[in-house]
Amino acid sequence: MDRRDEIREFLISRRAKITPEQAGIPTYRNLRRVPGLRREEVAHLAGVSTDYYTRLERGSIRGVSDTVLEAVSSALQLDDAERAHLMDLARTAAAPPPRTPRRPAQQRVRPGVLRLLDGMTGVVALVQNGRSDVLAANLLGRALYGPMFNSAAQFSSAEQFNSAAQLSPAGQSGPRTHDRLPNQARYLFLDPGAGDFYPDWRAVAATTVAMLRLESGRNPTDRALNELVGELTTRSALFAGLWAGHDVRIHTAGTKRFHHPVAGDLSLQFETLDLPGDEGQTLFTFTAEPGSASGNALAFLASWAASPPETTTAGGPAGGTTTPGMRSPAQPGTHIQGKTEP
């Protein structure tokens, strides 16, 4: 989408979300033809002329000062993520367009970070980029996210997935055998099993799209991101609908629920940390309250992941039968980028 269109649709969508009552504007019970605020009302709240704000909403944002953007943000009651997104849209609109969309170099996780993942034995730990590609994971991370790593949605062809499925249960399936990084968004929207894995699937899906939209504002020429958005837009009506909503979100901490085929139900607290010196890489960690049912399930999953696949069963919290196909294919902290895994 053109930057002007992005700006126009983002501002219109935010204006539609603010009611006159929220903005402190008296309506005197007048019939209103538009949802939310009118342009002239936003202009008045921002301290600019209606014509000036109308030009902004049409995408003419190049050269607009940060002071004006902050005033508009306040008038529209934008949160931190929305303010940052508006600033990113203005910044990238002012930059000269590249001749061709750039495809960033494959991101490598530093050896020191991989060793850090190795040392976090009781914690689920993943490193992701802004496209929701998983760049690295420790052993427990591979075990928890086994359904995502082994999903057919992560493969570029059915032949590739079928070939991986014929490998040994000890685990050479997954990222080593396909030509693209495991991607959280691709799993969420293209794998029917994601709805079982995430009890709060719709909320997780909405958050994931909002994070991708924020990344798109920061890096509009990221060819891999644009290709991912194009793929998901054409293959998932829900993704297309959420993407059209222009919502953005900064995801830093919270609770996420899982229904794991081996460990059963888990409610885990997550924290995120942007890695200094590794632009675009974020460390995600998941922990459970000690002594809780989720803590016991996570400990069981760690024991299961570390045990030989021939003797591991899916008993314990989840019950059921042996599931060798869910074995974790990589060692702790292993880099999982394409076919470069040692």
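Glu6 is buried, with a relative accessible area of 5%, where buried denotes under 20% relative accessible area and exposed over 50%, with partly exposed in between (1.4 Å probe, protein chains only). The structure is a predicted model, in which local features need pLDDT of at least 70 and side-chain atom pairs count only at pLDDT 80 or more, while totals for chains, interfaces and linings use all residues. Residues are numbered from 1 along each chain as its sequence is written, and side-chain values use heavy atoms, with hydrogens and water left out.

Glu6 belongs to helix α1; helices (H or I, at least four residues) and strands (E, at least two) are DSSP runs, numbered from the N terminus. The C-alpha atom of Glu6 is separated by 9.8 Å from that of Leu86, although the two residues are 80 apart along the chain.

Helix α5 spans residues 66-75, and its buried residues are Val68, Leu69, Val72, Ser73 and Ala75. Viewed down the axis of α5, these buried residues fall within an arc of 160°, and they therefore line one face of the helix; the arc is that of the directions from the helix axis to the C-beta atoms. Asp66 and Thr67, on the other side of α5, are exposed. The cover over the buried residues of α5 includes α1 (3-17), α3 (39-46), α4 (50-57) and α6 (80-94), contact being defined as heavy atoms within 4.5 Å. Gln77, which follows α5, has a positive phi near 55°.

Strands β3 and β4 run antiparallel and are joined by eight bridges; two strands pair if DSSP finds at least two bridges between them. They form a hairpin with three residues between them. Thr255 has Gln269, in β4, as its bridge partner.

The largest pocket holds about 1,100 Å³ of space. On a 1 Å grid over the protein atoms alone, a pocket is an open set of points where a 1.4 Å probe fits, with protein on both sides within 12 Å along at least five of seven lines, and lining residues have an atom within 4 Å of a point. Grid points are joined across faces, edges and corners, and the volume is the space filled by probe spheres set on the points. The lining of the largest pocket comprises 45 residues, with Asn129, Gly130, Met211, Thr282 and Phe284 nearest its centre. At least two lining residues are supplied by each of β1 (124-128), α11 (184-190), α13 (201-218), β3 (253-260), β4 (264-274) and β5 (282-287). The largest share, nine residues, comes from α13.
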